[in-house]
Amino acid sequence: MRKSVSAERPEAALARIVSALGQELLDASDEEILAAAKDLGMNPGMKGSAAFLGLKYLRHAPPEWWLEGFDAALLARLGMPGREPSELGPVPSLTAPRRSRRPGQKKDRSHE
Amino acid sequence: MLKPICKRADHFVPSPAARALALNLVTEFDLLRLKTIARLYARGLPPDVDWGDLIQEAIARVLSGARRQPEGVTTIVFLAGVMRSLRTAYLRRARTGAGQQREKSLEQAAAADDDASRIDEPRDPAPDPEHAVSALQEIAAIERLFGGDAMVLRIIHGLAEGLSAEQIRSACGITAVDYDSARKRMRRVLLREGLTCGNL
């Protein structure tokens, strides 16, 4: 076997490496993910964990926005009822600055 | 009017429905798995495309119905397959030039890779020194991740050559137990790297 991967077409070699390592990540168990997170001092079970950095909007969208504008057939296949536009509340801009809570202030859970 | 792919992904980002529906499609551990895979797949992509774009674009395509989830394929595997196809499409687009390729072509390229088990390799055989250098740098960065583990590096070299696990074990004289042990170490390093948002 060659000692280095650099002699061959590097793009193809990188594609194969990335694909194989991606499969390894797909095969990783929840326990392995938890162990890796703990190595980093993260607790994925904790709300606001740094492990979810970059994914926060995937996790924290209010349910009343969920089904807006999606293909009805897809939603039906997923077992999710569609909603009429009139049932939907306003969709806030995610680019707007988020209000931070002061210590002791309760979180508004009216949308949850 | 052609839009860069990343702009299309950005266009989808403000839609909270996609993100929330994705939450219903995958568990929190799957989200983390998806993040680590996206960060891996983002390696070697043009600098204006990051791992978040890959995830958002993949979710957008799934939710819009542009990509159909085959029966028996889990959502996480399907999303990972879509991201891999997008990676190929981004790379192809970067090579051919954004101004020369229609957005429609990207859709077709990604849709053509519906089979999540396929390995996406650049199909254009024309050599491109700039992208070759970039790929070499990414390979070197991946090798640095496992710098202290000679067995894992041997496995990675085997993967780069397209060898199967059996072929790598045979070529390197690695037992099945040692191979599985090396894979676990490899996964741990990849997960640790992928869960953070820092650079190497």
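Q: What pLDDT does chain A average?
A: This is a predicted model, in which local features need pLDDT of at least 70, side-chain atom pairs count only at pLDDT 80 or more, and totals for chains, interfaces and linings use all residues. Residues are numbered from 1 along each chain as its sequence is written, chains are lettered from A and ligands numbered from 1 in the order in which they are written, and side-chain values use heavy atoms, with hydrogens and water left out. pLDDT is the predictor's confidence in each residue, on a scale from 0 to 100. In chain A, 32% of the residues score at least 70, and the average is 62.

Q: In which helix of chain A is confidence lowest?
A: Helices (H or I, at least four residues) and strands (E, at least two) are DSSP runs, numbered from the N terminus. Confidence in chain A is highest in helix H1 (residues 10–27), at 92, while the lowest mean, 47, belongs to helix H3 (residues 56–59).

Q: How many contacts does the model have beyond near neighbours in sequence for residues 56–67 of chain A?
A: Contact means heavy atoms within 4.5 Å. Over this stretch, residues 56–67 of chain A, the pLDDT is below 50. Beyond near neighbours in sequence, the number of contacts in the model is 40.

Q: How many helices are there in chain B?
A: Chain A has four helices and zero strands. Chain B also has zero strands, and its count of helices is 10.

Q: What percentage of the residues in chain B is buried?
A: Buried means under 20% relative accessible area, exposed over 50%, and partly exposed in between (1.4 Å probe, protein chains only). Of the 112 residues in chain A, buried ones make up 34%. For the 200 residues of chain B, the share is 51%.

Q: Is B:His157 buried or exposed?
A: B:His157 lies in helix H8 (residues 150–160) of chain B. Its side chain makes a polar contact (N or O atoms within 3.5 Å; within protein, one able to donate a hydrogen and the other to accept it, with residues adjacent in sequence counting only if both atoms are side-chain atoms) with the side chain of B:Glu143, at 2.8 Å. Because its relative accessibility is 12%, B:His157 counts as buried.

Q: Which residues of chain A is B:Arg192 in contact with?
A: B:Arg192 is placed in helix H10 (residues 176–195) of chain B. It has a relative accessibility of 38% and therefore counts as partly exposed. Leaving aside neighbours within four places in sequence, B:Arg192 is in contact with A:Ala36, A:Asp39 and A:Leu40.

Q: What distance separates the C-alpha atoms of B:Glu130 and B:Arg95?
A: B:Glu130 is in helix H7 of chain B, and it counts as exposed because its relative accessibility is 62%. B:Glu130 and B:Arg95 are 35 residues apart along the chain, and their C-alpha atoms are separated by 9.4 Å.

Q: How much space lies in the largest cavity?
A: On a 1 Å grid over the protein atoms alone, a cavity is a set of points where a 1.4 Å probe fits but cannot get out, and lining residues have an atom within 4 Å of a point. Grid points are joined across faces, edges and corners, and a volume is the space filled by probe spheres set on the points. The structure holds seven cavities of 30 Å³ or more. The space in the largest cavity is about 110 Å³.

Q: Which residues lie nearest the centre of the largest cavity?
A: H1 of chain A and helices H5 (75–96) and H7 (129–145) of chain B each supply at least two residues of the lining. Of the 11 lining residues, those nearest the centre are A:Glu11, B:Gly44, B:Leu91, B:His131 and B:Ala135.

Terms used
1 Å grid on protein atoms, 1.4 Å probe; cavity = no way out; pocket = protein on both sides within 12 Å on 5 of 7 lines; lining within 4 Å.
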